[in-house]
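Work through the exercises below with the structure open. Try each task before you read its solution.

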Protein chains: 2
Amino acid sequence: MRAVSFPRVVVAVACLAALPVAATAATPPRPASPADVLAAAPADAWRRPDPALTLLMELRGGGRVVIELAPAFAQKHVAQVTRLVHAGWYDGLAVGRLQDNYVAQWGDTDGTRPLPEGMSKTVVAEFSRPSLRGLSFTKLVDGDVYARVAGYAEGWPVAYDKPGGPAWLAHCYGMVGAGRDLDPDSGGAGELYAVIGHAPRHLDLNVTLLGRVLTGIEALSSLPRGTEALGFYRTPEQRAPIERVRMLAQLPEAERPLVEVLRTDTPTFRAWVDARRNRRDDFFLRSAGRVDLCNAMPPVRTVPR
Amino acid sequence: MRAVSFPRVVVAVACLAALPVAATAATPPRPASPADVLAAAPADAWRRPDPALTLLMELRGGGRVVIELAPAFAQKHVAQVTRLVHAGWYDGLAVGRLQDNYVAQWGDTDGTRPLPEGMSKTVVAEFSRPSLRGLSFTKLVDGDVYARVAGYAEGWPVAYDKPGGPAWLAHCYGMVGAGRDLDPDSGGAGELYAVIGHAPRHLDLNVTLLGRVLTGIEALSSLPRGTEALGFYRTPEQRAPIERVRMLAQLPEAERPLVEVLRTDTPTFRAWVDARRNRRDDFFLRSAGRVDLCNAMPPVRTVPR
């Protein structure tokens, strides 16, 4: 049972005992691994997402996917999704597309389910916001292939090219967007997708991202891959049915999954990113010294009731 | 059936017809999408991996995974894997670990199967090679978070910090490595893993990479995730059994999967990378202008018999 990862073994510091002076004082504390940082996080380093802005999607077979929505970046799309959820509109639809190393996509794959009275199929594209003004921002110093600056704004992976200019959500693993046709405003949340592979950052600024899978992505990422073009399933029977989607606020409190996300405006988050950047676990012989935006997504934990 | 990707629609060029002169000559050819570039590739832009250095792993249930080995980067590990395959050593073992957004790992999970007579459990770590000397290299101009230079050496994603200095394989989606314990030489190929998530580049230079899944990664990436620490399965019954592993050269020619990889030292590959970098498909409103090493892995195709 080899690790390829993170074994935790106490470092032998016997060599330090041979030092002539102040061996005790000189013994450095064992450097923190990412897991150590999280274990030592104070309670207020974690936030509990707003139940009115977090949804639970239940798949047939027991999969439970918790998704936090991002009104700070996609207000209109979040409003659209929330209205559809409250109308029970996604219930009985299915995951209709699974493209390996790319996306899982669900909703009205055939485009045949009418929207609730008074709702429009088009929502004005929200590919970016004018700036990060008003949001706390933790900048990564590591560089980014796709943008001048990358970092985390109130829990979300973001990028921008010009200080004070437009900023956008990044297509990291687990991010959720609104599938669209060629018309940029056609992503009316009738179909949503989650990234299940290497970050397809070329989609940034081309599709509206509106949230992130906090827990349960494995219920999507482990589905059979569709065999048709773009990973669509060949027959409707191959799709994974959605039992129901509800905002957490709609559920009795005792039934709400208790999920918490590490605040990105905390010393704990900065220490955790640094521990990801400079791996000090004994397994690592060489520390990268850098970390990619999508390799340091804000940690999530489930709190036992 | 929305796309989030690559729809192909003919561009209306009616406006050009109104130009007063040489409308025909002035009509620009429609810019090439990545798929267009591949469709136009000459036959000799593709290479067929050496059957003596390519293996077929068959999982119970029909999964067929084709892996090309990389002796130019991990000669000793490739020799070890090849000997184990010829001995039928992997047959009847299983995929014992599935960690979401990270790795699928297979082989002797319990560490109880003796190696064939005369073989050692340790193989000297091959985390890098002294330089790229002797290999064709196609450099990416896009930058890389984890190294000074990234690009493709004879089909493999590689990185280095110093020109003429050590170069290493990068942990991109589908890359295959030798799981190890804390001892860097303990990766004796008794357990192998494939990357099935966002590139864990912090593993570069810490584990020996020895190959790449060319086809069939979905047979690994769609397996249920293990629920124990690091994604190990809780019980042996949950593991996905390996029926057999054979080098393609061991199979009758008619039974060998015919897989081809785009040569990375060709104008076609450079054009394809550029088409990935500057998406001209009608779906894209904005081209990233950059591409990440792991987002431009050399294309693979299966040739019908």
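Two exercises follow on this predicted model.

**Exercise 1. A helix in chain A**

Find out how the length of helix 4 of chain A compares with the expected value, and which of its residues are buried.

Solution. 
1. Locate the helix. Helix 4 of chain A covers residues 75–86, which makes twelve residues.
2. Check its span. From first C-alpha to last, helix 4 reaches 16 Å, close to the 16 Å expected at 1.5 Å a residue.
3. Apply the cut-off: buried means under 20% relative accessible area. In helix 4 of chain A, this holds for A:His77, A:Val78, A:Gln80, A:Val81, A:Thr82, A:Leu84 and A:Val85.
4. Look for their partners. The buried residues of this helix pack against several strands of chain A, including strand 2 (54–59), strand 3 (64–69) and strand 13 (240–247).
5. Step past the end. A:Gly88 follows helix 4 of chain A, and its phi is positive, near 70°.

**Exercise 2. Chain B meets chain A**

Describe the contact between chain B and chain A by residues, area and polar pairs.

Solution. 
1. Count residues. Chain B gives 69 residues and chain A gives 69 residues.
2. Take the area. The two chains bury about 5700 Å² between them, with 57% of it on carbon and sulfur atoms.
3. Look for salt bridges. There are two between chain B and chain A. One of them joins the side chains of B:Asp161 and A:Arg286, at 3.6 Å from N to O.
4. Sort the chain B side by class. The side that touches chain A has 31 nonpolar, 18 polar and 20 charged residues.

Terms used
Residues numbered from 1 in each chain as written. Chains lettered and ligands numbered in written order. Predicted model: local features only at pLDDT ≥ 70, side-chain atom pairs only at ≥ 80, totals over all residues. Heavy atoms only, no water. Helix = DSSP H or I, 4+ residues; strand = E, 2+ residues; numbered from the N terminus. Expected span 1.5 Å × (residues − 1). Buried < 20%, exposed > 50% of the residue type's maximum accessible area, 1.4 Å probe, protein only. Contact = heavy atoms within 4.5 Å. Buried area = accessible area lost by both parts, 1.4 Å probe. Salt bridge = Lys/Arg side-chain N within 4 Å of Asp/Glu carboxyl O. Polar contact = N/O pair within 3.5 Å; in protein donor to acceptor, adjacent residues only side chain to side chain. Nonpolar A, V, L, I, M, F, W, Y, C, P; charged D, E, K, R; others polar.
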